[in-house]
Amino acid sequence: MARWPLVAALVALSSLSPLSSPAQAQDYPARPIRVIVTTSPGGISDGFLRALGEQLHQRLGQPLVVENRAGGNMIIGARACAEAAPDGYTLCVMPGEPLTYNQFQFKNLPYDPDKSFQPITNLFFLTQTLGVSASMGVKSLSELAAYSKAKAGTLSYSAPSSSLIVFMEKWKQETGADLVRVPFKGGGDTINGIISGITPVGFLGLGNMLSHVRAGTITPILSDGDRSPLIPDVATLGEIGFARDHTRAFFGLLAPAATPRPIVDKIRNEVVAIAGDPAFRNRHMVERALEPVLNTPEEFRQFLIDDRVRAAKIVKLSGQEAR
């Protein structure tokens, strides 16, 4: 019987935890917030995050310290996020690879894609675009196929996601195009590869290449999603019949699992308020070919569940299943 007062006291103390109640969440944050990003600096997600971070700094009174943890098919960054303390002082920005694809491509991941993270919101979808070095003089898929055959054994391409790789490999099989895939290191590195001619073909976020498209150094020849108002004359995967084997590229905001819900809600509400400002949305999303989503934690979790079903099929088609 003497144990019950002790249990009651422990319950009462737990209710006073500094991060367990909406009232205490009002005092959050009290120190800088680390944001783990699974991609390298210079990409479109990195640029967006830094713009968002400036606004969050103003609204929350604490800076966001971006920590790029690229490499290892984004497993390195995902693991760092999963192992961080769930205290609200580590946030994570990740695309579909660590959240929906890696579990089908690698055995023994050092994190659980479903249980290791607390979804906050899906920030945006990216318009993915197949771009080539303008020096090649290529303006269509058929011209790219012909060019690659004429330059057999010399061309390479880079793509960030399995669904885009599936498209490229199927297209190669159907047309006899001769390109070798090289690993995707990040948006900035891929753009440098296209411009320098080292890897002259890349299928990645339009926002990464838009300034180079406007400068005439990169030629866009295909996109996913709907036709982008930024490149309205460029056809889409759906228009050429490949949308069935495709998932949209996205970047989501998450936290380590068990991060208190009041903290999660506070962060999401601030992000939605910032992205809802027309000036911010136009400059940092629309003009960067980012399609805002900003759903609820529950909606984002369900999206990830559904996307894993599609990812499993695409990985099987790609022949990249874990063995």
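How many aromatic pairs does the structure hold? There are nine, counting rings of Phe, Tyr and Trp (its six-membered ring) whose centres lie within 6.5 Å. Keep in mind that this is a predicted model, where local features need pLDDT of at least 70, side-chain atom pairs count only at pLDDT 80 or more, and totals for chains, interfaces and linings use all residues. Residues are numbered from 1 along each chain as its sequence is written, and side-chain values use heavy atoms, with hydrogens and water left out.

**View 1. Phe48 meets Phe124 edge-to-face.** The ring centres sit 5.0 Å apart with the planes at 80°, so this pair counts as edge-to-face (over 60 degrees; under 30 is stacked, and the rest are tilted). Phe48 belongs to helix α3 and Phe124 to strand β4 (residues 117-126), so the pair links distant parts of the chain, 76 residues apart. Helices (H or I, at least four residues) and strands (E, at least two) are DSSP runs, numbered from the N terminus. Together with Phe251 and Phe280, they form one aromatic cluster.

**View 2. Tyr111 and Phe117 make a tilted pair.** Here the rings are 5.6 Å centre to centre, with 55° between the planes. Tyr111 is buried at 6% relative accessible area, and Phe117 is buried too, at 3%.

**View 3. Arg31 puts its charged end over the ring of Tyr89.** The distance to the ring centre is 3.7 Å. To count, NZ of Lys or CZ of Arg must be within 6 Å of the ring centre and within 35 degrees of the ring normal.

**View 4. The largest cavity holds about 270 Å³ of space.** A cavity is a set of points on a 1 Å grid over the protein atoms alone where a 1.4 Å probe fits but cannot get out; lining residues have an atom within 4 Å of a point. Grid points are joined across faces, edges and corners, and the volume is the space filled by probe spheres set on the points. Of the 26 lining residues, Pro95, Leu126, Gln128, Pro160 and Phe251 are the closest to the centre. Helix α5 gives the largest share of the lining, three residues.

**View 5. Ser228 sits in the loop between β9 (218-223) and β10.** Ser228 is buried, at 7% relative accessible area. Neighbours within four places in sequence aside, Ser228 is in contact (heavy atoms within 4.5 Å) with Thr127 and Leu206.

Definitions and conventions:
1 Å grid on protein atoms, 1.4 Å probe; cavity = no way out; pocket = protein on both sides within 12 Å on 5 of 7 lines; lining within 4 Å. Buried < 20%, exposed > 50% of the residue type's maximum accessible area, 1.4 Å probe, protein only.
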